[in-house]
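Thanks for coming. I will go through one model this morning, piece by piece, and you can follow along on the screen.

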Amino acid sequence: MHIWVDADACPAVIKDILFRVVERLHLPLTLVANRLLRVPPSPYIRARQVPMGFDVADRHIMDEVVAGDLVITADIPLAAALIEQGAYVLSPRGEFYSTENIRERLGMRDFMEGLRGAGVDISGPAALSQADRQAFARQLDRFLAQRGS
């Protein structure tokens, strides 16, 4: 199993959690972004910079992921596509996306986008809280323990 990170919008604290986990468990981790990323020196951690452009990082992840890989992203359309490919998808807030819940998330995303398009002022997501960080770490640990990593 390979862990992929949609790294352009992934909070640094989530990347730090992932760095510690992959070092401890000797799992491959690749961060994909359209900007230069700094990662700790490790045989398990790679950063891949892709060209600037709409969804270039997303397309790169979709092209590289194989069934059974884990992807960290908050991008709902990307999550939906990856689930169809057989990947596991975890948000930085600790929510696993699944075939059961992704349609609802896509519907809510489209609804909110429609409101913004109509000129309704909608604030973005709340800042990542300590509870979100703990939920992410807990879900990640639980998933990796179940997978035998």
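Predicted model: local features only at pLDDT ≥ 70, side-chain atom pairs only at ≥ 80, totals over all residues.

Which residues of α2 are buried? In this helix, which spans residues 56–64, they are V56, A57, D58, H60 and I61. As background, an α-helix has 3.6 residues a turn, so residues three or four places apart point the same way.

Now the sheet. It is an open sheet of 6 strands, in the order β3-β2-β1-β4-β5-β6, and its pairing is mixed.

Let me take two of the pairings. β1 and β2 run parallel, with 4 bridges between them. Within this pair, W4 has T30 of β2 as its bridge partner, and V5 has L31 of β2. The other pairing is β4 with β5, residues 88–90, which is also in the parallel sense, over 3 bridges. There, V71 stands opposite V89 in β5.

Are the faces of β1 covered or open? Both are covered. On one side I3 and V5 are buried, and on the other W4 and D6 are buried too. In β2, 5 of its 5 residues are buried. L29, L31 and A33 are on one side of β2, T30 and V32 on the other, and both of these faces are covered.

Another helix to find on the screen is α5, residues 130–146. α5 lies across β4, β5 and β6, and runs at about 160 degrees to β5.

V21 is found in α1, and because its relative accessibility is 5%, below the 20% cut-off, V21 counts as buried. What does V21 touch, beyond its neighbours within four places in sequence? Its contacts there are L140, D141 and L144. V21 also lies 9.2 Å from A137, C-alpha to C-alpha, although the two are 116 residues apart in sequence.

V22 is in helix α1 as well. V22 has a relative accessible area of 0%, so it is buried. Not counting residues up to four places away in sequence, V22 touches I3, L27, L29, Y44 and I45.

Moving to the loops, look at P11, between β1 and α1. P11 is partly exposed, at 24% relative accessible area. Leaving aside neighbours within four places in sequence, P11 is in contact with P92 and L128. P11 and R93 are 82 residues apart along the chain, and their C-alpha atoms are separated by 9.9 Å.

Most residues other than glycine have a negative phi. Which way does phi go at H26, positive or negative? H26 is not a glycine, yet its phi is positive, at about 60 degrees. H26 sits in the loop between α1 (12–25) and β2. D55 also has a positive phi, near 60 degrees, and is a residue other than glycine. The place of D55 is the loop between β3 and α2, and D55 is partly exposed, with a relative accessible area of 30%.

Last, a pocket. Rolling a probe the size of a water molecule over the atoms shows where empty space is left. The second largest pocket has a volume of about 280 Å³. Its lining is made of 15 residues, and D6, D8, A9, D58 and D75 lie nearest its centre. Of the lining residues, 7 are nonpolar, 3 polar and 5 charged. Which element gives the most to this lining? That is α2, with 3 residues.

Key:
Residues numbered from 1 in each chain as written. Heavy atoms only, no water. Buried < 20%, exposed > 50% of the residue type's maximum accessible area, 1.4 Å probe, protein only. Helix = DSSP H or I, 4+ residues; strand = E, 2+ residues; numbered from the N terminus. Pairing = 2+ DSSP bridges. Contact = heavy atoms within 4.5 Å. Axes fitted to C-alpha atoms, helices over the stretch in contact; angles between N-to-C directions. 1 Å grid on protein atoms, 1.4 Å probe; cavity = no way out; pocket = protein on both sides within 12 Å on 5 of 7 lines; lining within 4 Å. Points joined across faces, edges and corners; volume = space filled by probe spheres on them. Nonpolar A, V, L, I, M, F, W, Y, C, P; charged D, E, K, R; others polar.
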